[in-house]
Amino acid sequence: MTNFPVEKIRADFPILAELIRNKPLVYLDNAASCQKPQAVIDSIVHLYSHDYANVHRGVHTLSVRSTDKFEGARTKVKDFINAASEKEIIFVRGATEAINLVAQTYGKANIKAGDEILITAMEHHSNIVPWQMLCEQTGAILKVAPINLQGELIYDEFEKLISDKTKLVSVVHMSNALGTINPVKDIIAAAHAKNIPVLLDGAQAIPHMAVDVQDLDCDFYVFSGHKLYAPSGIGVLYGKQALLEAMPPYQGGGDMIRKVTFEETEYNVLPYKFEAGTPNIADVVGLGAAIDYLNAIGMDKIAAYEAELLDYATEKAQQIKGLRIIGEAGHKGAILAFVLDRIHPHDIGTMLDSLGIAIRAGHHCAMPVMDFFEVPATARASFAMYNTKEEIDVLMKGIQSLIEVFG
Amino acid sequence: MFDDLRDLYQEVIFDHNRNPRNFRVMDNADRKVEGFNPLCGDRLTLYLKMDGNTITDASFQGSGCAISTASVSLMTEIVKGKTEQEAEDLFKKFHEMTTGKDEQINLEAVGKLAVLAGVREYPARVKCATLAWHTLDAALKNEQKSISTE
């Protein structure tokens with residue numbers, strides 16, 4: 001294994017020392033949510049202990065300190081994804097809220113009856129349902145580009161679905177159910193050739209690879225903090241400034257206004273126009289701390305280490321008789337979804353839990369993907385930078401043993 | 001290796017999972033209801049043959065986890081020959097056994113269904129065991145539609 005400081009990293013995550021059912025925790029449910037390093041936990045405790053007050057309002061010292069930390073975190077996010085400006089970074093609750101925001105603002109303003117929104121067959125429910133709701137409201141049509149049995153987008157079919165009616169393309173950067181990493185640069189180039197904006201759902205991709213929104217040239221990029229070693233309840237909508245400027249606001253309230261009379265309201269400038277009400281200050285600060293932590297390790301190093309983990313796990317899994325991997329894309333992130341002959345994923349989940357191993361069993365909020373592969377559910381081991389080959393060995397031994405028990 | 005799970009996965013459960021009883025389509029069924037647990041994708045179709053208010057035959061089709069398969073398999077065995085009222089009483093006792101807070105559970109009252117008592121320690125799995133019985137309840141109330149645990 002490359003000289004990746006995994007033991008040092010593990011020591012930074014207090015929960016990894018936890019015993020589960022009297023066994024060392026093997027946490028492989030990172031695609032659902034990942035654990036938090038001490039630095040992130042401390043950042044929140046420190047804010048509330050020393051620097052907390054409401055932001056953007058007071059002239060008093062604590063309000064200034066709190067605002068500095070809050071806006072400092074915005075700059076960290078901007079640099080982390082290489083956005084052109086802090087104005088392009090909108091804090092939301094998570095990827096789900098970000099997509100809903102775009103659907104209900106950009107979508108409502110620009111998408112009309114008969115227009116088409118193009119997604120893929122591997123989307124998470126959060127990149128399906130907001131568009132279905134918009135279609136219901138506007139009479140637009142949702143188009144779905146198909147995938148193949150490896151779990152890859154059939155790119156030719158995707159391109160054929162781009163038409164003069166297409167008004168928005170919204171695709172997942174990396175699939176949560178399959179691990180597939182989509183050819184997003186090609187997708188964006190194809191859409192832009194027809195002046196169609198592209199939203200990338202980066203909820204899964206963001207903890208696994210360096211993301212550069214200017215290099216990708218995507219129009220919107222969304223992600224959640226809790227999958228990026230940051231607290232839950234905080235996420236980011238990146239949007240190109242010109243698009244955000246032209247969009248109507250999402251929610252009305254304090255902070256998003258410049259001037260209010262009973263006759264009319266003048267909206268605030270970006271990014272505040274989209275941040276009505278007191279924001280989730282502490283978790284934004286926590287997100288900033290998570291980004292500092294990741295930058296100190298290096299996203300490229302994390303990606304390389306996780307690729308080794310995935311290769312190792314895939315090779316071991318292929319040796320298990322009766323195990324079928326769901327999602328075998330050529331370009332894939334650190335997710336191993338599988339089914340076992342005659343053993344339901346929920347039984348797999350319960351049995352592995354008794355060994356201290358946390359995996360996800362279910363449809364992973366991607367029911368259409370389950371239907372496509374004709375399985376009711378899958379078991380999914382998803383890896384993070386703090387996982388080890390030894391943990392993968394524990395997982396594989398557990399799977400072997402439960403196959404024996406089921407007989 | 002799975003010693004902690006012995007209360008949940010008893011040998012009877014493995015046996016019924018491997019060889020589910022009454023696992024067949026019933027062409028001349030008087031009642032047919034589908035049960036679905038959207039959380040885990042468990043899906044079953046329950047068939048009943050009635051003579052007045054007595055269940056003379058019960059069978060099922062579908063796919064689910066070991067707990068849900070064993071539960072429906074055991075249920076189809078035990079309700080045969082029972083009246084609707086007797087089956088509903090049994091459902092009530094089964095429900096108490098799997099979800100009740102009482103330390104004392106009357107295992108004798110539920111006969112061989114007692115092998116499923118272990119699920120009460122696994123809140124995430126209770127619905128696996130009760131899906132069959134909710135489906136039966138719907139069938140007895142003659143609700144000819146899909147029922148869902150959610």
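Author: What follows is a quick tour of a predicted model, from a sheet to helix pairs and then some single residues.

Reader: Okay, sheet first. What is the strand order in the open sheet of chain A?

Author: The order is S4-S10-S9-S8-S7-S5-S6 in chain A. That makes an open sheet of seven strands, and the pairing is mixed.

Reader: Which strands sit at the edges?
Author: Strand S4 (89–92) and strand S6 (141–145) of chain A do. Each of these pairs on one side only.

Reader: And how much is the twist?
Author: From one strand to the next, the twist averages 20°.

Reader: Zoom in on S7 and S8 of chain A. Do they run parallel or antiparallel?
Author: Parallel. Four bridges join strand S7 (residues 166–172) to strand S8 (residues 198–201) in chain A.

Reader: Which residue is the bridge partner of Val171(A)?
Author: Leu200(A), in S8(A).

Reader: What about the hairpin? How many residues lie between S11(A) and S12(A)?
Author: Four residues lie between the two strands of that hairpin. S11 (residues 257–260) and S12 (residues 265–267) of chain A run antiparallel, joined by three bridges. Lys259(A) has Glu266(A), in S12(A), as its bridge partner.

Reader: Switching to helices. At what angle do H2 and H3 of chain A pack?
Author: About 160°, with their axes 10 Å apart. H2 covers residues 38–51 and H3 covers residues 61–80.

Reader: Why call H2(A) roughly antiparallel to H3(A)?
Author: Because the angle is about 160°, and angles over 145 degrees count as roughly antiparallel. So H2(A) is roughly antiparallel to H3(A).

Reader: Which residues meet there?
Author: From H2(A), they are His46(A), Leu47(A), His50(A) and Asp51(A). From H3(A), they are Leu62(A), Arg65(A), Ser66(A) and Lys69(A). By class, this contact has two nonpolar, three polar and three charged residues.

Reader: Now chain B. How do H3 and H4 pack there?
Author: H3 (residues 84–99) and H4 (residues 126–140) of chain B pack at about 160°, with axes 10 Å apart. H3(B) is therefore roughly antiparallel to H4(B). The crossing of H3(B) past H4(B) is left-handed.

Reader: What's in that contact?
Author: Among the H3(B) residues are Leu90(B), Phe91(B) and Phe94(B). On the H4(B) side, they include Trp133(B), Leu136(B) and Leu140(B). By class, the contact of H3(B) with H4(B) has nine nonpolar, five polar and three charged residues.

Reader: New topic. How many salt bridges are there over all chains?
Author: A search of the whole structure finds 28. One joins the side chains of Asp29(A) and Arg380(A), at 3.7 Å from N to O. The two residues are 351 residues apart and link distant parts of the chain. Asp29(A) is in the loop between strand S3 (26–27) and H2 of chain A, while Arg380(A) is in strand S17 (residues 378–382).

Reader: Last one. Where is the cis peptide bond?
Author: Between Leu270(A) and Pro271(A), with omega about -5°. Pro271(A) lies in the loop between S12 and helix H10 (281–297) of chain A.

Reader: And what about the phi of Asp217(A)?
Author: Its phi is positive, about 65°, although Asp217(A) is not a glycine. Asp217(A) is in the loop between helix H8 (213–216) and S9 of chain A.

Terms used
Residues are numbered from 1 along each chain as its sequence is written. Chains are lettered from A and ligands numbered from 1 in the order in which they are written. This is a predicted model: local features need pLDDT of at least 70, side-chain atom pairs count only at pLDDT 80 or more; totals for chains, interfaces and linings use all residues. Side-chain values use heavy atoms; hydrogens and water are left out. Two strands pair if DSSP finds at least two bridges between them. Axes are lines fitted to C-alpha atoms, for helices over the stretch in contact, and angles run from 0 to 180 degrees between N-to-C directions. Angles under 35 degrees count as roughly parallel, over 145 as roughly antiparallel, 65 to 115 as roughly perpendicular and the rest as oblique. Contact means heavy atoms within 4.5 Å. Ala, Val, Leu, Ile, Met, Phe, Trp, Tyr, Cys and Pro count as nonpolar, Asp, Glu, Lys and Arg as charged, and the others, Gly among them, as polar. A crossing is left-handed if the near helix is turned anticlockwise from the far one by less than a right angle, and right-handed if clockwise. A salt bridge is a side-chain nitrogen of Lys or Arg within 4 Å of a carboxyl oxygen of Asp or Glu.
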